[in-house]
2 protein chains.
Amino acid sequence: MRTFVAAADAGQFQEAAAALSITQQAVSKRIATLEKDLEVRLFTRTARGARLTIDGQAFLPHARELLRVAERADASIRPGRRALRVDVVNRRTAPAVLLQDFHRAHPDIELDVVTLSLDAYVDAAIAAVEAGTIDATFRAVPPRQHVPDGIRTDHVINESHELLVGPRHPFANARAVAPAQLTGHRIWMPGLDDRGEVTDYYDELVAAFGLRIDVVGPVFGNETLLDEIADSADLATLVGESSRYLWPDSYDLRRIPIRNPTLIYPMSLIWRDDNPHPALNKFRDYLDSRRPDPTDAGVWMPTWDRRAV
Amino acid sequence: MRTFVAAADAGQFQEAAAALSITQQAVSKRIATLEKDLEVRLFTRTARGARLTIDGQAFLPHARELLRVAERADASIRPGRRALRVDVVNRRTAPAVLLQDFHRAHPDIELDVVTLSLDAYVDAAIAAVEAGTIDATFRAVPPRQHVPDGIRTDHVINESHELLVGPRHPFANARAVAPAQLTGHRIWMPGLDDRGEVTDYYDELVAAFGLRIDVVGPVFGNETLLDEIADSADLATLVGESSRYLWPDSYDLRRIPIRNPTLIYPMSLIWRDDNPHPALNKFRDYLDSRRPDPTDAGVWMPTWDRRAV
DNA sequence: TACCCGTACAACATTTCGTTGTGGCTCGCT
DNA sequence: AGCGAGCCACAACGAAATGTTGTACGGGTA
């Protein structure tokens, strides 16, 4: 591909060969092989060079695109020059929205959004940051969480919860609900088991408001969950407010804000203080510009104190 | 790349090897080479297979994208299965807009928009259609134009002209102008020389309204032209209405509609009747749904009768 | 502890790839 | 018209790569 593009740009094989530091014959051979593989003539050879055929013209932009993608693929992992790699717990939460917005604001900055395998507790994520395999991660950082030297955390997101219900649910037409009203109602959050700080959060939430959260059943994927909730008259689930920007509205589901108090899930950015990646500072600046309001009244946040459970 | 993706999907080299019809050792070698080239470990080898590292996870989507692009590149020219290839005279005219819209309406249909070299008259374009190197082209087809058997034409576009002027031009603030008002004004259309039916059109236009069209000077590119017009108090040029959807508004240029009569440039789609490409019919259906109004009053169209000049 | 499964390493055969050498074609100059 | 310059294709050879078979190593598991 590189040879094809070089030859197309140069208009002749000889010059392309020079640019690639190989012989003209090698270029000729490469192009011939490509033409044989594609079963199409790409150049018309003349005495004064080689001009693209129609097929060649049609192929050229694809070839360039391929080289661009290859370049980006390489840049995404080559140590020392790779894209900024940020971990999010999952792609339907506030950090993902934030990263999308950041990308819109700075399209030139290469980003890689990864999701560490599901058994990653804060500790595992912090270890990954420390090891340098990821540049940053968004996590809830309980006060008692041990943070090694050289690792910094910054509380940059307050994600508030909404109740997601189907049209037949008692709260389907409510403008808002208070956590106290949820007492006795079933809240279904499959897959919410054994996940470190996340379960700690919901344990504390349950204890604080007398909620009933079911975690039964395996996770068959998001569509199944939404389907069941849409059909049910008593199932509900909690989702982050940001997910409204990430889901299609295809199901007949209602999002009911939760008020008095609002249920906040706090998240911090975690990164290595000595990470020299230039994009990291830009990302932190961006987060700074959207920092959540200082906690005010009407808001519930976890204490993350095990004794509260 | 294919091997990497296969191994990532399979979770083990052995199975990937089977899928690729090579030995496990070959897969191992390929992955090892890739890792060496990238200077990054992509898999952690375990006794029960190979799992992606963080780096591998970050790389995977890029690898998939590369394969997709390669697939599309191949599809764009492989005879018998290639994308629908449509020629437009240049990428700033109505056909280009139409193709964009069509692509939005049918994102699944692969399109290749090409531009035949500039010396291509209708005859050359028709020959290209006949030879099958392009599936269709948009051209003005004068009534006297010879069209071979098996080639069909359909008048699907009426592009109306607008006058493009800088802020100091006398018409800069006009809501509209009539062709008669343009008598004596300089209209600059560099590059408009020796272009077959296109020049015929403007020749007839000049004769009909006593216009003065300058074609002096080489074409240095669009930016230069726009620059000069923006700066000049008496230069103007004619552009198609559709170009408003294709140009940025970065220059301080005014588009003045031309009325009484509107100046129409008619264009037809030209294709081979026996072209079996499935996308061709869909494209024609689409064009049908946007067919221009039957010519009504207040419109000027060329007769393309040489004697009129 | 003995296997089973999966990966890595080694040696060898085969294919691919790049180089040098050469011929043929076309354009432009004399 | 003849000749030289410039460019591409084909042939032959050596080097590098790639794939295969054979084998060793290591971690789960019965």
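In chain A, A:Thr262 touches A:Ser160, A:Gly298, A:Val299 and A:Trp300, with residues up to four places away in sequence not counted; contact here means heavy atoms within 4.5 Å. The model is a predicted one, in which local features need pLDDT of at least 70, side-chain atom pairs count only at pLDDT 80 or more, and totals for chains, interfaces and linings use all residues. Residues are numbered from 1 along each chain as its sequence is written, chains are lettered from A and ligands numbered from 1 in the order of writing, and side-chain values use heavy atoms, with hydrogens and water left out.

A:Thr262 belongs to strand β11 (residues 262-272) of chain A. Helices (H or I, at least four residues) and strands (E, at least two) are taken as DSSP runs, numbered from the N terminus. With a relative accessible area of 14%, A:Thr262 is buried. The term buried stands for under 20% relative accessible area, exposed for over 50%, and partly exposed for the range in between, with a 1.4 Å probe and protein chains only.

A:Pro261 sits in the loop between β10 (254-257) and β11 of chain A, and a cis peptide bond with omega of about -5° joins A:Asn260 to A:Pro261. A:Asn260 is found in the loop between β10 and β11 as well, and its phi is near 60°, a positive value in a residue other than glycine. Most residues other than glycine have a negative phi, and most peptide bonds are trans. A:Asn260 counts as exposed, at 64% relative accessibility, whereas A:Thr262 is buried. In chain B, B:Asn260 and B:Pro261 are likewise joined by a cis peptide bond, with omega of about -10°, and B:Pro261 is found in the loop between β10 (254-257) and β11 (262-272) of that chain.

A positive phi also occurs at A:Glu39, where the value is near 55° in a residue other than glycine. A:Glu39 lies in the loop between α3 and β1 (43-46) of chain A and counts as exposed, at 56% relative accessibility.

For chain A as a whole, the secondary structure comes to 9 helices and 12 strands. Of its 309 residues, 49% count as buried. Among the contacts in chain A with a separation of 6 or more, 74% are accounted for by residues 24 or more positions apart.

In chain A, the axes of helix α1 (residues 2-10) and helix α3 (residues 24-38) come within 10 Å and cross at roughly 110°. Axes are lines fitted to C-alpha atoms, for helices over the stretch in contact, and angles run from 0 to 180 degrees between N-to-C directions. From α1(A), the residues A:Thr3, A:Phe4 and A:Ala7 meet A:Val27, A:Arg30, A:Ile31 and A:Leu34 of α3(A). By class, this contact of α1(A) with α3(A) divides into 5 nonpolar, 1 polar and 1 charged residues, where Ala, Val, Leu, Ile, Met, Phe, Trp, Tyr, Cys and Pro count as nonpolar, Asp, Glu, Lys and Arg as charged, and the others, Gly among them, as polar.

In chain B, the axes of α1 (residues 2-10) and α3 (residues 24-38) come within 10 Å and cross at roughly 110°. That makes α1(B) roughly perpendicular to α3(B). B:Thr3, B:Phe4 and B:Ala7 of α1(B) make the contact with B:Val27, B:Arg30, B:Ile31 and B:Leu34 of α3(B). Buried residues in α1(B) include B:Thr3, B:Phe4, B:Val5, B:Ala6, B:Ala7 and B:Ala8, and their cover includes α2 (13-20), α3, β1 (43-46), β2 (49-52) and α4 (54-77) of chain B. Just after α1(B), B:Gly11 takes a positive phi of about 80°.

Finally, the two chains can be compared. A rotation of 179° with 0.1 Å of shift along its axis superposes chain B on chain A, with an RMSD of 0.2 Å; copies are superposed by least squares on the C-alpha atoms of residues with pLDDT of at least 70 in both. The two copies are thus related as by a two-fold rotation axis. The same surface serves both copies, as 100% of the contact residues of chain B recur in chain A. Of the residues of chain B, B:Leu66 comes closest to the rotation axis, at 3.3 Å for its C-alpha.

Definitions and conventions. Parallel < 35°, antiparallel > 145°, perpendicular 65-115°, else oblique.
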